[in-house]
Amino acid sequence: TSIGYKYYIPKGVTLIKDNDFNQKFDNLCSENKLIGSNIVVCDKDNVLEKCCYGYQDLDSKLPSSLNTIYRIASISKTVGAIALMQLEEKGLIDLDEDISKYLGFKVCNPNFPNDIITVKMLTMQTSSIQDGYDDENPLYDDIRKGYNGINGTYLDVSLKTLLTDTKSEYYTDLTFGNYKPGTRFCYSNFGCGIMACIIEMVSGELYVDYMENHIFKPLGLNASFKASRILGKENIATMYYKTSSGLHSVVKERFTESKLPVFPLGNNYRGPAGGLFISMNELSVIMRMFMNYGTYNGIEILKRETVEKMYQMTWCGLPNDNYRAKGLQMKIIRDVDSFTLRGHTGGAYGVRSYMFFNLRQGLGACFITNGIDACDDSAYCNNVFYGTQKEWIEKYGKELKTDVVITKDEIVLPERKIIHKDLFINKDNPYILGKAFADAIDQVPVYDEDKMTFTITVNNHEHIINDVIVYKDELYINLENSLKELKINYKKENDKYLLTL
């Protein structure tokens with residue numbers, strides 16, 4: 001086959017022969033001006049599709065292959081959360097504890113000094129800790145303040161300085177949002193960096209070492225948050241982004257030959273939010289570990305109940321950068337064919353990526369491109385994201401009947417349990433935690449914190465649920481009225497609700 005912007009099979013690699021899927025993937029990549037791309041589609045036990053397209057490096061005409069290693073951007077957040085949850089399993093981290101306990105110094109939002117910032121808030125992007133000056137705006141490129149001003153530099157600025165030292169030249173009030181911690185969503189790379197620092201402080205290992213020693217090596221993966229440690233560095237893809245002045249490249253040497261020093265434990269907040277280097281083939285191993293409830297090839301990385309905890313909906317709100325709901329460092333979407341997916345997307349230096357899977361179906365995919373040859377690439381990116389998801393969902397997704405059991409303490413689904421503290425309030429006329437209810441019926445809601453409305457779309461019809469109560473900053477909806485409004489069949493047996501979906 002030709003190479004260029006065409007489907008390429010590397011020497012010695014046999015792909016599953018389904019020309020229909022391969023050709024559709026090839027067409028999507030070509031039509032949307034991708035430079036290079038990989039996709040790997042899996043069920044719990046098998047790789048179903050592997051496709052490669054275009055160039056790993058455009059200048060040398062080196063084609064993409066299954067061995068191509070990418071800097072996967074923000075999918076790194078979901079992978080990093082595995083480490084956090086391992087430490088939580090060992091009783092070394094309490095997700096509801098103040099992050100100050102683990103960092104060794106007091107951290108609070110100066111606008112809300114009496115409210116703690118918990119570890120869980122970091123994973124939900126609700127901590128109120130922000131990235132500071134917008135790193136996408138050239139006007140702020142030379143401002144060395146806050147996370148975005150320090151990230152990517154060699155400046156030896158401690159985490160404590162950025163979070164607490166108001167007299168430091170590197171501190172900015174923009175680090176903290178003007179809202180109570182835990183109540184609003186704001187996408188924060190810095191928050192993920194702080195999560196990594198907590199992992200360092202608790203484990204006594206540098207973040208890059210912990211990830212390799214406890215996740216990558218046990219799974220047999222050639223992966224690292226440090227590009228210089230990757231085996232076969234020649235397989236690291238060049239990244240491309242286009243501006244009005246032309247196509248720009250970010251070569252692998254920028255990372256493999258980086259002189260960024262290793263900072264002391266608890267200060268390596270740069271990189272964890274997006275800096276993992278891994279191939280799509282090997283990222284799919286991590287995805288299959290999730291789909292098998294924490295175990296891969298007999299190797300337990302997480303416990304089943306931990307995966308279930310990560311998977312359940314812990315935040316929902318108004319759309320913000322395409323975010324409507326989250327698990328623990330997991331984005332939750334329902335954009336294609338009424339099929340709910342969890343995982344993460346990524347975007348940096350021209351890379352666009354996703355790792356999404358459905359636990360009940362035991363089905364998911366890892367996708368990446370190292371660049372789109374267009375100045376305004378958002379529409380092209382959406383076309384490929386939704387187009388590829390539609391293809392593998394339509395081919396491998398199944399219609400599954402779901403029985404849901406709701407009790408006062410938990411919600412039981414065929415594939416997992418949903419457990420929240422204060423699941424119900426007002427037992428005589430039961431109000432259920434809104435996000436838990438939406439999770440139970442496999443929907444992605446929109447919660448408007450200002451208007452106090454909770455919207456669920458069923459069968460392409462929006463239902464605005466107004467019978468709501470706010471308790472401890474959480475929204476609750478009237479369970480029986482909501483079931484009737486949504487026309488969901490149910491039976492009540494004492495305090496138990498039996499739903500058929």
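Student: What distance separates the end C-alpha atoms of helix 10 (residues 280–291)?

Tutor: This is a predicted model, in which local features need pLDDT of at least 70 and side-chain atom pairs count only at pLDDT 80 or more, while totals for chains, interfaces and linings use all residues. Residues are numbered from 1 along each chain as its sequence is written, and side-chain values use heavy atoms, with hydrogens and water left out. Helices (H or I, at least four residues) and strands (E, at least two) are DSSP runs numbered from the N terminus, and the expected span of a helix is 1.5 Å times one less than its number of residues. For the 12 residues of helix 10 this gives 16 Å, in agreement with the separation of the end C-alpha atoms, 16 Å.

Student: How many of the 12 residues of helix 10 are buried?

Tutor: Buried means under 20% relative accessible area, exposed over 50%, and partly exposed in between, with a 1.4 Å probe and protein chains only. The buried residues of helix 10 include Glu282 and Arg288 as well as Leu283, Ile286 and Phe290. Helix 10 is mostly covered, and its buried residues number 11.

Student: Which residue just after helix 10 takes a positive phi?

Tutor: The phi angle in question is about 60°. The residue that takes it is tyrosine 293.

Student: Which side chains make polar contacts with the side chain of glutamate 49?

Tutor: Glutamate 49 belongs to strand 2 (residues 47–57), and its 0% relative accessibility is why it counts as buried. A polar contact is a pair of N or O atoms within 3.5 Å; within protein, one must be able to donate a hydrogen and the other to accept it, and residues adjacent in sequence count only if both atoms are side-chain atoms. The side chain of glutamate 49 has such contacts at 3.0 Å with that of lysine 395, and at 2.6 Å with that of tyrosine 396.

Student: Which backbone nitrogen does the side chain of threonine 118 reach?

Tutor: Threonine 118 sits in the loop between helix 3 (99–103) and helix 4, and it counts as buried because its relative accessibility is 9%. Beyond residues up to four places away in sequence, it touches (heavy atoms within 4.5 Å) Leu95, Asp96, Glu97 and Ile99. At 3.2 Å, its side chain reaches the backbone nitrogen of methionine 121.

Student: Is aspartate 409 buried, partly exposed or exposed?

Tutor: Aspartate 409 lies in the loop between strand 16 (403–406) and strand 17 (411–412). Its side chain has a polar contact of 3.1 Å with that of lysine 408, and, leaving aside neighbours within four places in sequence, it is in contact with Ile419 and Leu423. Because its relative accessibility is 47%, aspartate 409 counts as partly exposed.

Student: Which element gives the largest share of the lining of the second largest pocket?

Tutor: A pocket is an open set of points on a 1 Å grid over the protein atoms alone, where a 1.4 Å probe fits, with protein on both sides within 12 Å along at least five of seven lines; lining residues have an atom within 4 Å of a point. The second largest pocket is lined by 45 residues, with Asp96, Lys120, Met124, Lys435 and Glu474 nearest its centre. Elements giving two or more residues to this lining include helix 2 (75–89), helix 4 (119–124) and helix 13 (434–440). The largest share, four residues, comes from helix 11.
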